[in-house]
Amino acid sequence: MVGAEATDQGDCSRFKGTIPYCCMKKPTIVDLLPGAPSNQQVANCCRGGVISAYAQDIDTSVSAFQVTVGNTGTSARTILLPKNFTLNTPGPGYTCSPAKVVNPSQFISPDGRRHTQALVTWKLTCTYSQFIAQRAPTCCVSLSSFYNDTIIPCPVCSCACQNNITQPGICIKGDSPYLKTPGINTAQNNTPLIQCTPHMCPIQIHWHVKLNYKLYWRVKVSITNFNYRMNYSNWNIVLQHPNFDNLTEVFSFNYQPLIPYGSLNDTALFWGVKYYNDMLMEDGPMGNVQSEILLQKNSQTFTFKQGWAFPRIVYFNGDNCVMPPPDQYPTMPNSAPVLERGMSLGLTVLALAATSLLVFI
C-alpha cells in the first residue's frame with residue numbers, strides 16, 4: 001500500500017514466505033501525513049486526512065492511495081466488488097452508497113502520448129448529514145449594525161446550555177486560572193473544552209453592517225473560535241444574501257460564488273488566505289479571523305428595513321449555524337433624533353436677538 005496505511009495488520013499466520021501488509025477483511029485505512037517518504041507516496045496522496053472543498057482548492061480537493069490486493073485474479077470477472085464503505089474523516093455523519101461499476105478510469109503517460117485503462121473501476125458517493133454527525137449545532141450567528149446600538153447575540157443555548165452540576169467540565173470561564181495548566185489544550189478522545197458563553201457554541205460568526213455609501217455598502221464578517229482544544233485548518237463559510245450578485249470586493253478572505261440554480265447568484269463561499277488566516281486557532285488572542293465585504297447597491301432591491309441587510313443562511317465547514325429570530329434583528333430608527341426643549345428655546349432666542357440687532361442698525 002502506498003499513499004495511506006492500515007491501522008492494523010491482523011492475523012497473517014496462515015501465510016508462508018512473504019507476509020502480506022494487512023490480512024484483515026475490514027481494514028481501517030488512514031491517510032499519510034504530508035512529507036511522507038517518497039517511496040510511500042502516490043499522486044494526490046498524503047493530505048493528512050484534510051481535503052478542501054472543490055470550489056476552494058481543486059488541487060487539494062482530491063486524496064488518493066494505492067493498494068495491491070492478493071488472490072483476486074487478473075480479470076474483471078474474478079475481482080469482487082468491495083462492500084460496506086465507511087468514511088470517518090473529518091468526523092462522523094457520512095453515509096456511503098454501495099459501490100457500482102462505472103466506465104474504466106483512463107490514465108495518461110507523463111509525456112502525454114499514451115493512454116492506459118484500468119481493469120475495472122467502481123464508484124460510490126458519501127453524503128454528509130449534520131443531524132447524524134451530532135445532535136447539537138456547532139456554530140451560531142450574531143448581528144449588529146451602524147444604525148442601531150443594539151448587538152443581537154447568538155440565541156441562548158444555541159449549541160448547549162451551561163449546567164456545571166449535571167455536566168461538570170463542559171465549559172470553562174475565559175479568566176479561569178485552570179487555563180494556565182500545562183496540557184490544558186490537549187485531551188484524549190478529542191474531548192472539547194469550550195469557553196463558557198450563553199450560546200455554548202464552539203464557533204461564533206458575527207455579521208456587522210459597517211458603513212453606508214451612496215452607491216455601496218460595507219459588511220464586516222468575524223469568526224471566533226471558543227474551543228480551547230481545536231484548530232480549524234482550511235476552514236470555510238457559506239453565506240446567503242440577495243446582494244451577493246453585486247459583490248464588489250472581499251478584503252481578507254478568498255471568495256467563490258456558488259450558483260446552484262441557474263442565474264440565481266445569492267450564495268458565496270469564503271475561506272482564508274493561505275499563510276495569513278487559513279488557520280483558525282484555538283480560543284485565545286489568535287482565535288479570530290475577519291474580513292470586510294464591499295457590495296454595490298441595487299436601487300430596486302436595496303434597503304436597511306426589515307432585516308434585509310443580514311444573511312439568510314450561514315454555514316461553517318458544512319454545518320448550518322443557528323440564527324437569531326428575525327423579529328430580533330437590528331431595526332432602523334423610526335425618526336431623526338429630537339432636540340432637547342432647552343436647546344430649541346435657546347436657538348429661538350438667539351435668532352430673535354440677531355433679528356433685533358439688524359433692525360436697530
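Predicted model: local features only at pLDDT ≥ 70, side-chain atom pairs only at ≥ 80, totals over all residues.
Local features need pLDDT of at least 70 and side-chain atom pairs count only at pLDDT 80 or more, while totals for chains, interfaces and linings use all residues. Residues are numbered from 1 along each chain as its sequence is written, and side-chain values use heavy atoms, with hydrogens and water left out.

View 1. Helices (H or I, at least four residues) and strands (E, at least two) are DSSP runs numbered from the N terminus. Of the 361 residues, 31% are buried, meaning under 20% relative accessible area with a 1.4 Å probe, protein chains only.

**View 2. Six strands make up an open, mixed sheet.** The strand order is S10-S9-S13-S14-S21-S17, where pairing requires at least two DSSP bridges between two strands. Strand S10 (148-152) and strand S17 (247-250) are the edges, each pairing on one side only.

**View 3. Strands S9 and S10 run antiparallel.** Two bridges connect S9 (residues 139-145) with S10. Ser145 lies opposite Asn148 in S10.

**View 4. Arg218 is a buried residue of strand S14.** The strand covers residues 216-225, and the relative accessible area of Arg218 is 15%. Apart from neighbours within four places in sequence, Arg218 contacts (heavy atoms within 4.5 Å) His208, Val209, Lys210, Leu211, Tyr213, Phe251, Glu292, Ile293 and Leu294.

Terms used. Buried < 20%, exposed > 50% of the residue type's maximum accessible area, 1.4 Å probe, protein only.
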